[in-house]
Amino acid sequence: MSHKYSVEYTDTFGGEANYSWVKRETIEVPEMTHYGYTGSTDGSYSRARKSYNREIVRLAKAVMGLTGIRGKTYHHGDLIEFRQYGSNTVMFITFED
């Protein structure tokens, strides 16, 4: 089983998403057991969560053509925000039900 995420990549104006142009895609990521989550209390949840979030951002960057681009990632619950350094763009990754 896998989870679906919608990805939006757009420009910014004054630091806020502008949407004068936008590129949208959908990615699928395997569930956390694939990344080492065992369900026990051995601390595997935090390690698996970090790997899982890193994989989500890596796949989203790849589908948007941003592989190798460095930036800052912010986590807001079900929303992940990626802002690349030196560019007026933002990428939003949102969990789909």
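Glu-55 is buried, its relative accessible area being 18%. In this predicted model, the Glu-55 side chain pairs with Arg-58 in a salt bridge, and the closest N and O atoms lie 2.7 Å apart. Both residues belong to helix α1, which covers residues 44-63; they are 3 residues apart, so about one helical turn separates them.

Side chains of opposite charge can pair when their charged atoms come close. With a cut-off of 4 Å between a side-chain nitrogen of Lys or Arg and a carboxyl oxygen of Asp or Glu, the count for the model is 3 salt bridges.

Glu-8 and Arg-24 meet through their side chains in a salt bridge, with an N to O distance of 3.0 Å. Glu-8 sits in strand β1 (residues 2-13) and Arg-24 in strand β2 (residues 16-30), so the contact ties together parts that are 16 residues apart in sequence. Arg-24 has a relative accessibility of 52% and counts as exposed.

The pair still to be described joins Glu-81 and Arg-83, whose closest N and O atoms are 2.5 Å apart in a salt bridge. Here Glu-81 is buried, at 11% relative accessibility. Arg-83 has a relative accessible area of 24%, which makes this residue partly exposed.

Technical notes: Residues are numbered from 1 along each chain as its sequence is written. This is a predicted model: local features need pLDDT of at least 70, side-chain atom pairs count only at pLDDT 80 or more; totals for chains, interfaces and linings use all residues. Side-chain values use heavy atoms; hydrogens and water are left out. Helices (H or I, at least four residues) and strands (E, at least two) are DSSP runs, numbered from the N terminus. Buried means under 20% relative accessible area, exposed over 50%, partly exposed in between (1.4 Å probe, protein chains only).
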